[in-house]
Amino acid sequence: MIKMVRPLEFLLLLSVFIIATCGLIYELVAGTLASYLLGDSITQFSTIIGAYLFSMGIGAYLSRFFRRELLSWFIQLEILVGLIGGISSAVLFLVFEHAASFRLVLYLLVGLTGILVGLELPLLMNILKNRYAFRDLVSRVFTFDYIGALLASIVFPLLLVPYFGLIRTSCFFGILNVVVAIVVCVKFREEVKWARYLQFKAVGVIVLLTGIFWWADKIMTFSESEAFRDPVIFSHSSPYQRIVITRSKLDLRLYLNGNLQFSSVDEYRYHEALVHPAMMYSPEHTRVLILGGGDGMAAREILKYPDVEIITLVDLDPSMTRLFRQSSMLAELNHHSLQSPKLQVINADAFQWLKTNKTLYDVAFVDFPDPGNYAVGKLYTTAFYRQLRHSLTDSSVIVVQSTSPFVAPKAFWCVDATLHDCGYHTQAYHTYVPSFGEWGYVMASPTGLVGHHHSLPAGLRYFAADVFPQMCQFTADMAKRPVLANHLNNQVLVQYFEDEWGKYQE
Amino acid sequence: MNGENTRNKPLTRKDFLRYMALIAGAGVTLPQFVACEAKKDQYGHIQGRIYGASAAVGHKIREGGFAAPMHTETVDAVIIGSGVAGLSAARMLHHNGCHNYKILELEQHAGGNAGFGRNAFSAYPLGAHYLPLPNLENQPLLDLLQEAGILTGYTADCLPMYNETDLCYDPQERLFIHNRWQEGLVPQFGVGEAALAEFKRFFADMEKLRWQRGSDGLYAFDIPMARSSRDAAYLQLDNLCMKDYLQQQGYRSEELYWYLDYCCRDDFGAGIPVVSAWAGLHYFASRKGKSANADSAAVLTWPQGNGRLVQHLQQFSNNNLQTNGLAYKVTPQGREVQVDYFEVATGTTKRIVAKACIMATPQFVTQRLLPAGQYDHQFVYSPWLVANLTLDKLPESRGYPLCWDNVMYNSRSLGYVNAQQQSITQEAPEKQVLTYYLPLDHLSPADSRRYALGLSHAHWVKLITDDLETVHPGIHAQLRTIDVWVWGHGMIRPHTGFITSDAIAAARRSGYPNVFFAHSDLSGISIFEEAFYQGNNAALALLDYIRT
């Protein structure tokens, strides 16, 4: 029979329960976050759990060095676990964009939390050892520990992740940890040394965590997750657009203002088709211009040509180019193209920049978002292509991404007609990108597109010289149709685009 | 100032309430108190001031009592007024080798109704803000546009091509009707079949009228209006108001009447019960512009409005312009004209002796300057309010997105123009700048003028913000400044019978061989094309005179 539990001892056992819940939650948060951010959930979970348990072992070992003032140390540790566990997911989200070695930070945090949690139970058992028989002690502590673990493992996927999101979950349990510390501190005030100092510290940590809890939306908008198919691992609102990256097991996707920009699974199709035809047709490609394309994928393809000397990438949004340069995971996707010494990033408005540019480019890639509103529509007008002409030589080749010729044939052929209206010779082509569907481009040159001047680099996965004639074939459902050219004063392209995509999405 | 009073009182009470709330420990209810108090003075944060014509200085002409001029200057020609007519005349003198002339302008800047301003975020118009594509026969105007680089050339079939960045960008016009924005200004959304059919009939009629010619072979309606047919069949339309004309034609629908009233108020500062049918129809049937790269209804516009054209015109006379110079007496004497003026900056009077003079001034000024001049009260001027609003972000309502011209159905105002429409950047502007137009035609012109000049800035803010709140709820919180321009004599009003009146015919005739008149008043319609035409004609007549 178990003796009646006295209130104070019950409190300590309750804290075992809470500590166990919190400990497991931190582990789950770390595992989930790692598989969100790095993909491959099996590897992530198994290494995180392994590292965590191992760290707990270290903690347990270290517990032998705590001999005096156990209760105070216990409270001290509680506060520290609350702090580190509580801020862990917020820190991980924040450093994801900036830290080159995200994994290091991840395992450091996991290790630290593990050690602290590992210290807790042995300390507690040492505190309680004089109050219970050893048999009772072991039974009680482990009962509460395992019940706590069960609770955590059930509420985490069912309640916490969907309703709280990761940042708030870890904050919430951090606060819970600290509350335990405060309650223990108050109830055992006669036995606790430095009670005042500890309470002060605990309140400080609670304020910090409450702050993070409150501002979690600023750090990461979880409500957004519902709008996307896969978990959102990064989101950021720049003055120009909302950048969202989602991650599933195999796939990493970039969305700008909710529109898919690429899926890591098939973006090579899109970018090879964007870059290589123009590189093949241009007599020279010493100087290359990219307008838009802040993800660095087009630059990656261009850098496959050793004779390219200068790439100028003009993208409006510094947060895009920074993200794709600094995040190791994203830079892996673009083969660190944005760090290339050949490449110069200019964060400017393309239209304005073209007005001041004096350099002539051999090849230019115009990779803007689809013309879904009147502001972006201006970048598809005769005025824009005429302005672009001043940055080209007579034999330069340009390519314009031109939305889907299947979904929006009028919009697609409108880009062709607009370039034509400005005196360019054009060649429309298209390709199939599974995540986008049928996608179209218009290649153009001021004096005509003649012959292949260059061989293709080795290692392309999709594009080849003999594939190109097929890409220039348009079936009847995508065939050229009579459309107006897009001017600043009519913006017909936006209307075509809205009509056609609107119908398609109904 | 009034605004301070209203702010001071609630402030103390708010503090008191806050104090009470704290004592009671009712921290939860505090935000409600604050919100409630803030609402009472919800426009108090909106800055800005009143601008407008220098009425006080101008009225000195009426009072007289100027000292005899001490200083005399001799030139070939003098132009009084540097609005579009005056600047056009100066350009014409310049192009014909006459450089020894002087322009007198009462205000600090040239431009008149086509003046413009600028703040940290955008240039903006102070009045006229666009130019419709000129008629192909209006060669002098086409030449002006070509000279300014706005017209880039002609196609093989003689159609002008315009600089794409000077044409109004899409989306151009929207109308707030039945609680949403629709595309275009002609009411469509939620409008009945009968009304739609009447619009169709009206526009078909106008298209017919556009190409009709009178018995003299001239177009029924043309620009410049002096080139319109003198055929009585058309001129008699001046004897009835636009509203009566519509009734005669059997139009019934409320929406059509609103639309035409809006158009008349937009062009003439007065509605269809006042404006003559001839003028009202001229608005629709006189414009026959064409272009190779824009449709006929296209307009040319710039952030600074027609200030763009003023800037071009002004470059020919920069060294000849005397601003802050109030001409108060014009005395023709044989082969000379003496023009006496008051230099506002120094407070001294000066005299210019010229061979000839162009008076590019409105009638109510012209007649006071000339000896024994009589101001004919047939010349009626519509008072106007133009306000430039700076706001953080326009809170949008349902429907079509922000356009260049944004009009509200059944509002007293004409809505607002987006000064930043002609921008090619992707970035949303740091602050938005809108130009709000309100013809003050609810009272007689004289009463409206008195009313408008008596209003405080806070009153204007309330009037404008309340109007915009109906279509953009919450706009007050976004507004930072409202600068207000009150134009007491905004533009000549072509009221019933005026265009064909003896008064206008008499005003065109100068009793002196070396005094020439140039103002859109003399056309009866205040538009850029008329002022330009009047200025050119006066300059050519003056050149004729001094060279013989």
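The model is predicted, so local features need pLDDT of at least 70 and side-chain atom pairs count only at pLDDT 80 or more, while totals for chains, interfaces and linings use all residues. Residues are numbered from 1 along each chain as its sequence is written, and chains are lettered from A in the order in which they are written.

**Contact between the chains**
- Chain A brings 16 residues and chain B 15 residues to the contact, two residues being in contact if their C-beta atoms, placed from the backbone, lie within 7 Å.
- On the side of chain A that touches chain B, α12 (350–356), α13 (374–377) and α14 (382–389) of chain A each supply at least two residues, and α13(A) gives the most, with three residues; helices (H or I, at least four residues) and strands (E, at least two) are DSSP runs, numbered from the N terminus.

**Sheet in chain A**
- Four strands of chain A form an open antiparallel sheet in the order β1-β2-β3-β4, where two strands pair if DSSP finds at least two bridges between them.
- β1 (232–237) and β4 (259–263) of chain A each have a single partner strand, so one side of each lacks a neighbour in the sheet.
- Strand β3 (residues 252–256) of chain A is joined to β4(A) by four bridges, and Leu254(A) has Phe262(A) as its bridge partner in β4(A).

**Helix α14 of chain B**
- In α14 (residues 445–454) of chain B, the buried residues are Pro445(B), Ser448(B), Arg449(B) and Ala452(B); a residue is buried if 20 or more other C-beta atoms lie within 10 Å of its own, exposed if 12 or fewer, and partly exposed in between, with C-beta atoms placed from the backbone.
- The face of α14(B) turned away from its buried side carries the exposed residues Ala446(B), Asp447(B) and Gly454(B).
- Among the elements covering the buried residues of α14(B) are β16 (381–391) and β20 (479–492) of chain B.
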